[in-house]
Amino acid sequence: MTKVLSKKMVTIAITILLIFLLIYFILPVSIPLIAAIITALILEPAVRMLINKFRLKRRMSVLIVFLSFLVAVGVMSYFVTTKVVGEAVKLIEDAPTYINQISDIWVNYEKDLEYAARDLPGEVVSEISNGVQDFLNSFKESIKEYMNIERISAFLTYIPNYLVSFLVYLIALFLFMIDLPRVKKTIYSSLTEKTAEKVNFMTSRLSYVIFGFFKAQFLVSVLIFIVSLIGLLFISPEVAIVMSLIIWVIDFIPIIGSIVILGPWALFHLLAGNLTIGTQLAVLAAILLIIRRTVEPKVMGTHIGLSPLATLIAMYLGLKLLGVLGFIVGPLLLIVFNSAKEAGIIKWNFKI
């Protein structure tokens, strides 16, 4: 019994180690291919709809769906590069000016602080003033350091790599969309009937859950965009559309959310003495945070069947192992594991 148990534990340990090595070393360089197969599975219902409804051949249906997907990506990319990136560059260029304004604001507050703290020991007041001034100076220097020409040039050198990865993604997507039935047939032909049923159940469940995951994220982000736009039309109408779109894009990143944009924006106006605008932005940030924290778990649970705790753990581990993409890859791997367990492919019944 001990030998059998030891052998079983060693097999489990080796399997876990191989999965970890696969995730850590191979998965990061395979992101374009993984994204392509996932996108092909998501677009497959549209391809089948064209085949069944209009009696088109598969290649023609794939071509129509693929071109429609390209047009949608092109429109979004054009808007991001012309609007969002333009506003981001302007914000970066004006960042030192904003820091100088904050420094000037602090100088005025410092005079008020000295008057209000006239009964406190001079060393305490001096220590507080020097600490805040040092923080502002170091913050300003950090911005100058990160916005220098060397870092911008280093970022630009990565653009060809991103373009190559994107090109590989598009080519792989088109080929996967065409050969998806043949790939499924090849996989199923090497499986027993019982295993094929389990794999079919797993893939069906996986497709449903993955689609539900992105659908849930999209629905929550659309609600965030609508509330942001309505709020900013009253608070700052001249930048309402652009900032709402930026918040919408940032809000796709789990955990981070819209508070990254609205928090510093509200703080700046509060420090600048614009209490009305600053308070309104802070209230809007709180409303968006409440909406996401109350709506997201319910929407996620409805569409993908994962608990908020399991989703959070998967996102955190994915972030540590794979970077920003881990926010999406982590929950997807958890979905794959749950689907395989439900299908009976993975049996998780052992006890220690």
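I read along the sequence and found the pattern α-α-α-α-α-α-α-α-α-α-α-α. The count comes to 12 helices and zero strands. Here helices (H or I, at least four residues) and strands (E, at least two) are DSSP runs, numbered from the N terminus.

I noted the basis of the work: this is a predicted model, local features need pLDDT of at least 70, side-chain atom pairs count only at pLDDT 80 or more, and totals for chains, interfaces and linings use all residues. Residues are numbered from 1 along each chain as its sequence is written, and side-chain values use heavy atoms, with hydrogens and water left out.

**Whole chain.** I looked up burial next. Buried residues are 29% of the 352 in the chain. Buried means under 20% relative accessible area, exposed over 50%, partly exposed in between (1.4 Å probe, protein chains only). I then checked contacts (heavy atoms within 4.5 Å). Of those with a separation of 6 or more, 67% join residues 24 or more positions apart.

**Helix H8.** I checked its length. H8 covers residues 240-251, and its 12 residues should span 16 Å at 1.5 Å a residue; the end C-alpha atoms are 16 Å apart, which agrees. The expected span is 1.5 Å times one less than the number of residues. I listed its buried residues: Ala 240, Met 243, Ser 244, Leu 245, Ile 246, Ile 247 and Asp 251.

**H7 against H8.** I took H7 as residues 193-235; H7 and H8 pack at about 155 degrees, with axes 9 Å apart. This makes the pair roughly antiparallel. The cut-offs are under 35 degrees for roughly parallel, over 145 for roughly antiparallel, 65 to 115 for roughly perpendicular, and oblique for the rest. Axes are lines fitted to C-alpha atoms, for helices over the stretch in contact, and angles run from 0 to 180 degrees between N-to-C directions.

I listed the contact residues. The H7 side includes Phe 218, Phe 225 and Ser 228, and the H8 side includes Ser 244, Ile 247 and Trp 248.

**Ser 228.** I placed Ser 228 in H7. Its relative accessibility is 0%, so Ser 228 counts as buried. Leaving out residues up to four places away in sequence, Ser 228 touches Ser 244, Ile 247, Leu 284 and Leu 288.

**Met 177.** I found Met 177 in H6, residues 159-189. Met 177 is buried, at 1% relative accessible area. Leaving out residues up to four places away in sequence, its contacts include Ala 40, Leu 43, Arg 58 and Phe 66. From Arg 58, Met 177 is 119 residues away in sequence and 9.2 Å away in space, C-alpha to C-alpha.
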